[in-house]
Amino acid sequence: MTGAFASRITRAPDPFEPERGREAAHLYPDLPPELRGVIAGAGGCSPYLKSLLERERDWADAALAGAPEAALEAALEEVAALPVHELAPGLRRAKRRIALLTALADLAGVWPLEEVTAALTRFADLATHRALTAAVGQEIARKKLPGDHDAQDGAGLVALAMGKMGAHELNYSSDIDLICLFDESRFARDDFLEARAAFVRATRKMAATLSDITAEGYVFRTDLRLRPDPAVTPVALAMEAAERYYESLGRTWERAAYIKARAAAGDLAAGEAFLKRLTPFVWRKHLDYAAIQDAHGMRQKIRDHKALHSRKLEGFHLKLGSGGIREIEFFTQTRQIIAGGRDPSLRLRGTVEGLRALAKAGWAEEAEELIADYRAHRELEHRVQMIADQQTHALPTSQEGFARLAAFTGQSLDDLRAGVSARIERVAAITEGFFAPAAARSAPDLSDQAAEIVARWPSYPALRSARAVEIFGRVQPELLARLARAARPDEALTHIDGFLRGLPAGVQLFSMFEANPHLIDLIVDIAATAPELANYLSRHAGVFDAVIGGGFFAPWPGRAALEAELAERLAEAPDYEAKLSAARRWKNEWHFRVGVHHLRGLIEGAAAGQHYSDLASAVLAALWPEVCAEFAGKHGAPPGRGAAILGMGSLGAERLTARSDLDLIVIYDPGGVEMSDGRRPLAARTYYARLTQAFVTALTAPLGEGRLYEADMRLRPSGRQGPVATSLASFTNYQASEAWTWEHLALTRARPVAGSPDLGAEIERFRCALLARPRDRAKTLADVAAMRARLAAAKPGGAAFDVKEGAGRLQDIALIAQAGALLAGSPARDVPGQLAAGAGALGLTEAERDALAAGWARFWSGQAALRAITGGAFDPETAGAGGRAFVLRETGVADIPALERALAETALAAAAIIEAHLPAPEESGHGPAGQNSG
């Protein structure tokens with residue numbers, strides 16, 4: 001809205017001193033009556049505003065006749081055009097005028113709070129820039145700054161606006177917090193000290209220009225003490241030195257301060273580049289719940305120092321008091337610090353914007369209530385400051401003072417006091433509950449065995465710091481109480497002990513447990529069901545972030561959404577190594593989510609298998625372009641049409657377990673291009689071989705976040721011999737004329753998962769056409785029988801709880817299903833689909849087909865469950881009560897003896913069906929026995 005001031009008035013103060021109000025209004029006889037009423041209220045409540053109305057009468061009379069926005073722009077343009085020799089008085093004159101304009105726009109309701117603070121901040125930015133560049137210009141003119149520089153960009157010196165100025169939230173009589181830094185890279189090493197001295201002088205002159213009180217008044221009180229270690233560092237600091245400080249010594253309050261930091265004056269480009277480099281300091285990659293305790297400690301120190309614990313209205317500190325403005329800002333910034341490292345949408349400077357973003361992301365359901373109270377607090381703060389242009393935040397201490405303030409707000413005294421009291425109590429209730437540690441509950445009685453385990457905990461690495469001990473002291477009773485509710489408390493405690501013993505550090509995780517007690521239930525559940533997963537979590541506790549970050553229990557997003565999310569995450573990483581680490585963190589979180597959903601019965605084994613496959617496919621598809629780009633930086637773009645990656649085995653069939661490795665084949669088409677075109681060109685065959693090796697390394701390298709996957713390349717035509725990548729021509733020729741039967745069986749489950757979509761589609765068309773060719777039924781079944789015999793000889797399996805290997809079990813059923821698909825010429829990849837398609841070609845009756853499908857489903861459920869809790873053979877005695885219950889639930893039987901009987905009977909029946917439809921095996925050279933059919 002840009003209409004005339006008078007047409008937009010929605011409220012007006014009551015003149016506390018009517019005579020002074022009338023005197024102020026009489027100065028403006030030509031203005032509309034409603035605007036003169038606002039002037040009367042302002043002059044009758046605020047001696048400071050009355051003095052401005054008198055001193056700036058001619059300017060204000062013209063400015064208030066039109067739109068306040070136009071008056072503001074004109075005032076700012078005048079500041080921008082000030083000659084240097086008129087800068088000090090000109091800035092002070094502009095300050096008076098903008099102070100009067102914003103006060104009247106605020107009091108009349110013409111501008112909302114955000115517009116008032118934005119106007120004040122715009123002037124502060126411009127005034128700071130003019131003062132800084134003028135001071136730098138003097139240093140250049142005196143030849144005190146080495147080199148050739150332009151004063152208009154600060155010659156490398158920047159003023160970072162901190163606090164309310166950085167967030168465009170300056171209050172009416174605010175001082176401004178600045179950190180002045182210079183880009184040392186613009187100067188030769190030998191000139192560094194001279195340049196720093198010049199910038200120190202320029203910074204001091206800038207501060208004097210803004211803050212010195214003269215006959216014209218002052219511009220802004222300027223505080224330079226937020227810089228690193230202000231007691232010993234100069235007022236202008238090299239950026240490199242500041243970065244070193246924050247990387248090694250930076251504290252939580254400094255991280256919070258930099259949420260609002262903004263390059264406001266001088267060399268803005270250098271300032272923004274510095275802030276970008278500081279991003280890892282401010283925004284941690286994991287949820288940072290330890291910040292809650294840091295912020296709480298800071299709040300307590302402020303209150304203790306200022307004696308601000310009381311909520312009595314007389315003298316109440318609107319900014320720092322309990323239930324005041326700073327509480328809302330701390331609440332907002334602390335939650336931003338907790339989650340902003342994972343969610344860039346939370347990295348906002350403004351308090352209102354920050355609260356709304358937190359609410360949208362599920363981090364602050366109280367946001368709208370706090371926003372309303374924050375705005376009301378800030379408007380009242382402005383009126384307190386407008387009375388005498390004092391940088392004060394304290395409510396009056398006298399009845400007369402409260403009466404004046406009530407009139408200034410246009411309220412009755414009782415309404416003012418009741419409204420302020422209600423806001424203070426609301427804010428305090430919300431923020432105290434967030435910050436203050438809850439009183440620790442008493443620990444339950446422990447058995448002698450449990451007491452012995454708990455007594456060891458103080459010696460663990462996670463409890464080596466005093467801070468970790470303090471936080472865990474509050475968490476431990478809750479942990480023990482929840483363990484006591486487990487079916488076998490001592491067994492559950494033993495598993496939790498393994499988790500705690502493996503933690504390298506504890507502050508962050510214990511803080512997360514304290515703030516989110518339901519996570520304790522989750523880790524108790526995991527430890528009782530899958531101790532190996534709990535041990536893994538002790539080394540990768542960052543995956544708990546996903547539980548808190550929102551959406552953990554939402555429906556599965558699907559492969560396309562996962563791929564897009566990972567691609568976006570990789571695009572944000574600054575370099576290749578960071579991309580690999582980011583991919584691992586992302587995959588670990590989603591892998592953990594699938595495991596938790598499976599363990600808790602939210603999904604069955606079949607769905608878990610699909611989800612693990614979607615996840616692996618998304619990783620391959622998103623990571624391949626990054627590996628190609630990194631490789632191309634040295635050797636040029638991939639020659640020809642590029643490459644496609646085939647997922648084989650369980651990945652191709654889209655049925656992975658929690659511990660599956662990936663069977664892959666890389667197929668490329670050089671398209672007649674012999675060499676790449678990079679700095680170090682390679683022949684096409686060599687190029688794709690090395691690119692494939694780089695991709696396998698990207699998947700399997702054990703970085704700090706672990707491996708992505710183990711990759712198996714043995715199903716390619718050359719097996720262990722020859723290049724790891726195969727040309728399209730070689731692949732199609734080999735499969736069409738030389739491949740063994742077992743290789744065509746493997747091809748029934750091949751699926752393009754990454755790389756060139758066009759090439760992948762062509763390979764899929766070839767696969768379907770090849771599988772559709774007529775086959776010698778007798779020879780195919782003889783080859784399958786021979787292969788089955790070799791598999792049985794190599795890995796006979798058949799142990800009581802072996803669901804994969806052995807006659808009639810998972811691998812055996814999958815093999816006959818593949819044979820059926822091959823004979824039927826079906827492109828189906830999954831076992832149920834292959835059995836349905838191939839039943840006729842195999843001669844299976846409907847009952848036999850259904851029995852094999854049901855047997856495979858039972859064995860698959862068992863395989864998915866067992867791989868979720870253990871990497872080895874299942875031992876009911878050591879699996880624990882939780883593990884046994886999980887396996888029994890997933891396989892649909894009542895107890896362990898019933899499970900053993902069901903597996904044996906199912907295998908016996910399936911083996912009988914398979915053997916009835918295969919010839920007796922003959923010794924023949926029809927391929928190896930190493931195919932992974934699970």
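Here is a walk through this structure, from the whole chain down to single residues.

What you are looking at is a predicted model, so local features are described only where pLDDT is at least 70 and side-chain atom pairs only at pLDDT 80 or more, while totals for chains, interfaces and linings use all residues. Residues are numbered from 1 along each chain as its sequence is written, and side-chain values use heavy atoms, with hydrogens and water left out.

Let's start with the whole thing. Of its 934 residues, 56% count as buried. Here buried means under 20% relative accessible area, exposed means over 50%, and partly exposed is in between (1.4 Å probe, protein chains only). Take the contacts with a separation of 6 or more, and 75% of them join residues 24 or more positions apart. A contact means heavy atoms within 4.5 Å.

Now for the inside. In soluble globular proteins, nonpolar side chains tend to be buried together. In this model the largest nonpolar core has 104 residues, and Trp 457, Phe 499, Leu 500 and Phe 544 have the most contacts inside it. Such a core is a set of buried Ala, Val, Leu, Ile, Met, Phe, Trp, Tyr and Cys residues joined through side-chain atoms within 4.5 Å. If you set aside neighbours within four places in sequence, Leu 500 touches several residues, among them Trp 457, Tyr 460 and Phe 510. There is also a second, separate core of 84 residues, which includes Ala 60, Phe 199, Leu 210 and Val 235.

Next, find helix H22. Its 14 residues reach 20 Å from first C-alpha to last, close to the 20 Å expected at 1.5 Å a residue, where the expected span is 1.5 Å times one less than the number of residues. Phe 499 and Leu 500 are among the buried residues of H22. The axes of H22 (residues 489-502) and H24 (residues 518-529) come within 8 Å and cross at roughly 110°. These axes are lines fitted to C-alpha atoms, for helices over the stretch in contact, and the angles run from 0 to 180 degrees between N-to-C directions. That makes H22 and H24 roughly perpendicular, a label for angles of 65 to 115 degrees. On the H22 side, the contact is made by His 495, Ile 496 and Phe 499, and on the H24 side by Ile 523, Val 524, Ala 527 and Ala 528.

Arg 765, in helix H34 (residues 757-771), counts as exposed at 54%.

Most residues other than glycine have a negative phi. Ala 155, though, has a positive phi of about 55°. Ala 155 sits in the loop between helix H7 and strand S1, and is buried at 0% relative accessibility. Glu 654 has a positive phi too, about 60°; this residue is in the loop between helix H30 and strand S7 and is partly exposed at 22%.

Notes:
Helices (H or I, at least four residues) and strands (E, at least two) are DSSP runs, numbered from the N terminus. Angles under 35 degrees count as roughly parallel, over 145 as roughly antiparallel, 65 to 115 as roughly perpendicular and the rest as oblique.
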